[in-house]
Amino acid sequence: MPETLDHLPLARTMEPTWLAKSDHSPAVARRLLHSFLSGVRGGERFSDKGQLLVSELVTNAVVHATRSDQRIRLRLEVDQEQLWITVEDASDQVPQPRKSTDGESGRGLLLVEALADAWGWGPREGVGKQVWCVCSPDPAAGQPCRRR
């Protein structure tokens, strides 16, 4: 039976996906998140924040934590209350928000800190670390527009 909106699951876990060290990986991660959330009832409520968060975590892994011969692993989970985003890389470098930035880069983890309900990092199995964040749905998402 094809899935309709009424038959979409309330919770879902995406199989971990490997991404290349590439400037294209954040966009790939955003597309994966969009597709993932479209398969969950109410998933669109996480879309705006989720797109920014997954972009920042994958960008950090590409720029700061991955050599050209290494890959990044993305995991996504969602239920009606929270979206979990986990990005794994092969670096042991501790992720730290930069309090002062010069130029256009260096604000990624500050954005994650501001948008996520919680975030953190820890070692992963084998070599490297995982950086994760959790966010709640946007309360305005999915609400009908009201005319004045």
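1. Leu74 is in contact (heavy atoms within 4.5 Å) with Met14, Glu15, Pro16, Thr17, Leu19, Ala29, Leu32, Val54, Ile85, Thr86 and Val87, leaving aside residues up to four places away in sequence. The model is predicted, so local features need pLDDT of at least 70 and side-chain atom pairs count only at pLDDT 80 or more, while totals for chains, interfaces and linings use all residues. Residues are numbered from 1 along each chain as its sequence is written, and side-chain values use heavy atoms, without hydrogens and water.

2. Leu74 also belongs to the largest nonpolar core, which has 27 residues; Phe36, Leu57, Leu74, Leu83, Ile85 and Val87 touch the most other members. Such a core is a set of buried Ala, Val, Leu, Ile, Met, Phe, Trp, Tyr and Cys residues joined through side-chain atoms within 4.5 Å; buried means under 20% relative accessible area, with a 1.4 Å probe and protein chains only. H2 supplies the largest share of this core, 6 residues.

3. The whole structure has 0 disulfides, a disulfide being a pair of cysteine sulfur atoms within 2.5 Å. Cys133 is buried, with a relative accessible area of 1%, and Cys135 is buried, with a relative accessible area of 1%.

Methods
Buried < 20%, exposed > 50% of the residue type's maximum accessible area, 1.4 Å probe, protein only. Helix = DSSP H or I, 4+ residues; strand = E, 2+ residues; numbered from the N terminus.
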